[in-house]
Amino acid sequence: MKYLLIIPAALVLLIAVLLIRALSLKPTAARDAVLPEADPKRSEEYAKKLSEMVKMETVSDRDNFDVTKFYAYHKKLWELFPLVAEKLEITEIDGNLIAKWKGKTDGGAVLLMSHQDVVPEGDNWIHEPFSGEISDGVIWGRGTMDTKCSACCFLQAAEELLAEGYQPDVDIYFAGSCTEEISGDGAPKTVAWLKEQGVKLSLVLDEGGAIMDEPVGGVKGTYAMVGVLEKGYGDLKFTAKSKGGHASAPSKGTAWARLAMFIADVEKKDPFVSKFNDTSLEMFKRYTPNMDLPMRLVFANMWLFKGLLTKVIGKISPQGGAMLKTTLAFTKGKGSDGYNVLPMEAYVTGNMRFINHQPTDESIALISKIAAKYDIETEVLTAKQPSEPISYTSDAFHLVERAIGEVFPGVDTVPYIMTGGTDAKFYEEICENCLRFYPFHLNKQQHASMHAAEENISCSTLPPAVDFYKYIIKNGKDA
């Protein structure tokens, strides 16, 4: 009998421990952060400049690339930022752009980056996609957020500092490729040029996370999401062959049937391993104090619940789940051209994002083995490795964190895993600290408008971004 009493007593003790750990975490300032109001005059001035940049159509097209539009865009930039054009060393490389601001010393260098090209406008716009329309405190158009806003603000930061006669302690570079949206060679060409100059960078700051309210369901507050790891990228083609024939007398195991079974197999039994790494653990650790109590109870006690979370987090949050494993999404397919014809060959494509604990080759081999079960051939169209994680204890990360704290008081800085791709990965051979963050406070609609219709950004978020870049420029020696 006494042994039976031990079990409920132990259970009560365990629950008490879990509650104590959860309740001992006090909410941080981020939970109730109120961002300072921007100066209306500065907001208007910067919005007009960004509007002019958006009016320059800079869509990149892999099949019909027009470099002349990017040289026209450069001309517009130098009209908007004349001191940058006059004082900095400007280099154009096949439409890609890099500007050097010479520092007082030769120790270290910082590069701020924003790609010039944008994706095609698509359909369903209310505001014209290249109008740069300013209305109701918002700038509308393709590139407002992805990512001409960054270039506008770091060039404006330089323009204002140059007007004051300021010279940075270390070299500052501003760069922008014209092929980021088509995974082209713009950034590699820029990196090659920097290597020829013998440049070693202490910090690269590219697009990535932004400042978001409640970035995960159940997490209260405002957070600056700084990408410290970028997943790898792959496009694969899965092809099934068969005898074909007339659709009126179909045989078993047709090309489409085998592809369907393959897709269903992958959907039903995810072959990739979910795993918390140091970055994802730190991200949720920083979220935990501002979580609702049920979530806080779980995440404050990862020693007990980590195994369970790896299995269920993808169902709770697809974005959160994608940070823990390699993902595969089936995207395109083709078979017969006729409604009543069985194809002799059909294919589907899959877009993969590779995580470090199951990197590119391992993940491809795993999915290829499953495809082979259904007599399906796998062709690798594109395959890029995940980046090396950057420590959230590094000097470069702390510099960005201090800049956020200075400009956006009360906002918590959170390291996180980038599931999308950026040009920053190409700079890893000349920089150990390629961080992905742009300092704009975005609402959920704005964040969702990236690559979609009605892309826009608030005028009021531009002045703080300029101030953020000024801080980075002035303190670049600390990276």
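**Surface, fold and one serine**

In this predicted model, the chain exposes about 21,800 Å², and carbon and sulfur atoms supply 55% of that area.

Q: What makes the radius of gyration of the chain agree with that of a compact globule?
A: For 479 residues, a compact globule would have a radius of gyration near 23 Å, and the chain has 25 Å, which agrees. Along its principal axes, the C-alpha trace spans about 75 × 75 × 45 Å, and 52% of the 479 residues count as buried.

Q: How many helices and strands does the chain have?
A: The chain has 15 helices and 17 strands. Among contacts with a separation of 6 or more, residues 24 or more positions apart account for 82%.

Q: Why is S387 called buried?
A: Buried means a relative accessible area under 20%, and S387 has 3%, so S387 is buried. This residue, S387, lies in the loop between β14 (376-384) and α13 (395-407).

Q: Which residues is S387 in contact with, leaving aside its neighbours within four places in sequence?
A: With those neighbours left aside, S387 is in contact with L229, E230, N356, E428 and R436, where contact means heavy atoms within 4.5 Å.

Definitions and conventions: Residues numbered from 1 in each chain as written. Predicted model: local features only at pLDDT ≥ 70, side-chain atom pairs only at ≥ 80, totals over all residues. Heavy atoms only, no water. Helix = DSSP H or I, 4+ residues; strand = E, 2+ residues; numbered from the N terminus. Buried < 20%, exposed > 50% of the residue type's maximum accessible area, 1.4 Å probe, protein only. Rg over C-alpha atoms; globule rule 2.2 N^0.38 Å. Areas by Shrake-Rupley, 256 points an atom, 1.4 Å probe, with all protein chains shown as cover.
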